[in-house]
Amino acid sequence: MATITTISEAVGANRIVPTVAIPYPVGNPDLGEREEAIREDLVKLAVDALGTAISKPTIFKSLK
């Protein structure tokens, strides 16, 4: 999970899940239910990415 995906690509990360913002990568915890839903989606996407077979570095983007 990374806010700046280009850095992740540059260092050779295999699986990259783009996140929201630098101070709160998975959403601002003070903003309530909307941010909680974003956080859940990002974590689910990251877990799915770990279970996905890949042959090259891949950026996993949410379908929502």
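This is a predicted model: local features need pLDDT of at least 70, side-chain atom pairs count only at pLDDT 80 or more; totals for chains, interfaces and linings use all residues.
OK, the layout. We've got two helices and two strands, and going along the sequence they run α-β-α-β. The C-alpha atoms fill a box of roughly 40 × 20 × 15 Å along the principal axes. As for contacts with a separation of 6 or more, 44% of them join residues 24 or more positions apart.

Now the inside. Of the 64 residues, 22% are buried. The largest nonpolar core has six members: Val17, Leu42, Leu45, Ala46, Ala49 and Phe60. Have a look at Phe60 in there. Setting aside its neighbours within four places in sequence, Phe60 touches Arg15, Ile16, Val17, Pro18, Leu45, Ala49, Thr52 and Ile54. So which of the core residues turn up among those contacts? Val17, Leu45 and Ala49 do.

And then the outside. The chain exposes about 4,700 Å², with carbon and sulfur atoms supplying 58% of that. There's also a nonpolar surface patch made of Ile4, Ile7, Val11 and Ile22, which together have about 400 Å² of accessible area. One of these, Ile7, lies in helix α1, residues 5-10. Is Ile7 exposed or partly exposed? It counts as partly exposed, because its relative accessibility is 48% and exposed would need over 50%.

Conventions. Residues are numbered from 1 along each chain as its sequence is written. Side-chain values use heavy atoms; hydrogens and water are left out. A nonpolar core is a set of buried Ala, Val, Leu, Ile, Met, Phe, Trp, Tyr and Cys residues joined through side-chain atoms within 4.5 Å. Buried means under 20% relative accessible area, exposed over 50%, partly exposed in between (1.4 Å probe, protein chains only). Contact means heavy atoms within 4.5 Å. Patches are made of residues with over 30% relative accessible area and no salt bridge: like charges are joined within 9 Å, nonpolar side chains (Val, Leu, Ile, Met, Phe, Trp, Tyr) within 5 Å. Accessible areas come from the Shrake-Rupley method with a 1.4 Å probe; for residues, only the protein chains shown count as cover. A salt bridge is a side-chain nitrogen of Lys or Arg within 4 Å of a carboxyl oxygen of Asp or Glu. Helices (H or I, at least four residues) and strands (E, at least two) are DSSP runs, numbered from the N terminus.
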